[in-house]
Amino acid sequence: MQLRDEFWDTAPHYGGRKEIWDALRAAAEADITLAQAIVDSAGVIIQSADLTVCYDERGAKYELPKYVLSEPTNLIRDG
């Protein structure tokens, strides 16, 4: 979770528009149907099926690491 928060806090500094980064974060944290609606309404062009490479309408590239897109499977849960 900390790694995810750090990525999203610094993502706008990698270039692109902040509103697109915000839409990508919302999509990454939503279920698939809502995520599709979010990227469609933001005008995001998805290059890869897993949302790791996207473009906005102006051609700016947005790259998302896999750890922000899915829950980890190699961790032991407490309790």
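This briefing describes the fold, the core, the helix faces and the salt bridges of the protein. The structure is a predicted model. Its secondary structure consists of three helices and three strands, which follow one another from the N terminus as α-α-α-β-β-β. Of the 79 residues in the protein, 30% are buried.

**Overall organisation**

- When contacts between residues at least 6 apart in sequence are considered, 36% join residues at least 24 apart.

- The three strands make up an open sheet with the order 1-2-3 and antiparallel pairing. Strand 1 and strand 3 are the edge strands, each of them pairing on one side only.
- Three bridges connect strand 2 with strand 3 in the antiparallel sense.
- Across from Val53 stands Glu63 of strand 3.
- The loop between strand 2 and strand 3 contains Glu57. This residue, Glu57, is exposed, with a relative accessible area of 62%.

**The nonpolar core**

- The largest nonpolar core comprises 18 residues, and Phe7, Trp8, Trp21, Leu24 and Leu64 have the most contacts inside it.
- Helix 1, helix 2 and helix 3 (32–42) are the elements that contribute two or more residues to this core. The greatest contribution to the core is that of helix 2, with six residues.
- Apart from its neighbours within four places in sequence, Trp8 is in contact with Trp21, Leu24, Arg25, Ala28, Glu29, Leu64 and Val68.

- In helix 1 (residues 2–10), the buried residues are Arg4, Phe7 and Trp8. Around the axis they span an arc of only 90 degrees, which places them on the same side of helix 1.
- An α-helix has 3.6 residues a turn, so residues three or four places apart point the same way.
- The exposed residues Gln2 and Asp9 are carried on the face of helix 1 that is turned away from its buried side.
- Helix 2 (18–28) and strand 3 are the elements against which the buried residues of helix 1 pack.

**Helix 2 and its buried face**

- Ile20, Trp21, Ala23, Leu24, Ala27 and Ala28 are the buried residues in helix 2. Viewed down the helix axis, these buried residues lie within an arc of 160 degrees and therefore line one face of helix 2.
- The packing partners of the buried residues of helix 2 are helix 1, helix 3, strand 2 and strand 3.

**Salt bridges**

- The count of salt bridges comes to six.
- Asp5, Arg25 and Glu29 are joined in a network of salt bridges.
- Arg17 and Glu19 form a salt bridge through their side chains, at 3.0 Å from N to O. Both partners are partly exposed: the relative accessible area is 21% for Arg17 and 47% for Glu19.
- A salt bridge also joins the side chains of Asp50 and Lys66, with an N to O distance of 2.5 Å. Asp50 belongs to the loop between strand 1 (45–46) and strand 2 (53–55), and Lys66 to the segment after strand 3 (61–63), so the pair ties together parts that are 16 residues apart in sequence.
- Within that pair, Asp50 is partly exposed at 32% relative accessibility, whereas Lys66 is exposed, with a relative accessible area of 53%.
- Lys61 and Glu63 are a further salt-bridged pair, their closest N and O atoms lying 3.9 Å apart. Lys61 counts as partly exposed, at 45% relative accessibility.

Technical notes:
Residues are numbered from 1 along each chain as its sequence is written. This is a predicted model: local features need pLDDT of at least 70, side-chain atom pairs count only at pLDDT 80 or more; totals for chains, interfaces and linings use all residues. Side-chain values use heavy atoms; hydrogens and water are left out. A salt bridge is a side-chain nitrogen of Lys or Arg within 4 Å of a carboxyl oxygen of Asp or Glu. Buried means under 20% relative accessible area, exposed over 50%, partly exposed in between (1.4 Å probe, protein chains only). Helices (H or I, at least four residues) and strands (E, at least two) are DSSP runs, numbered from the N terminus. The arc is that of the directions from the helix axis to the C-beta atoms. Contact means heavy atoms within 4.5 Å. Two strands pair if DSSP finds at least two bridges between them. A nonpolar core is a set of buried Ala, Val, Leu, Ile, Met, Phe, Trp, Tyr and Cys residues joined through side-chain atoms within 4.5 Å.
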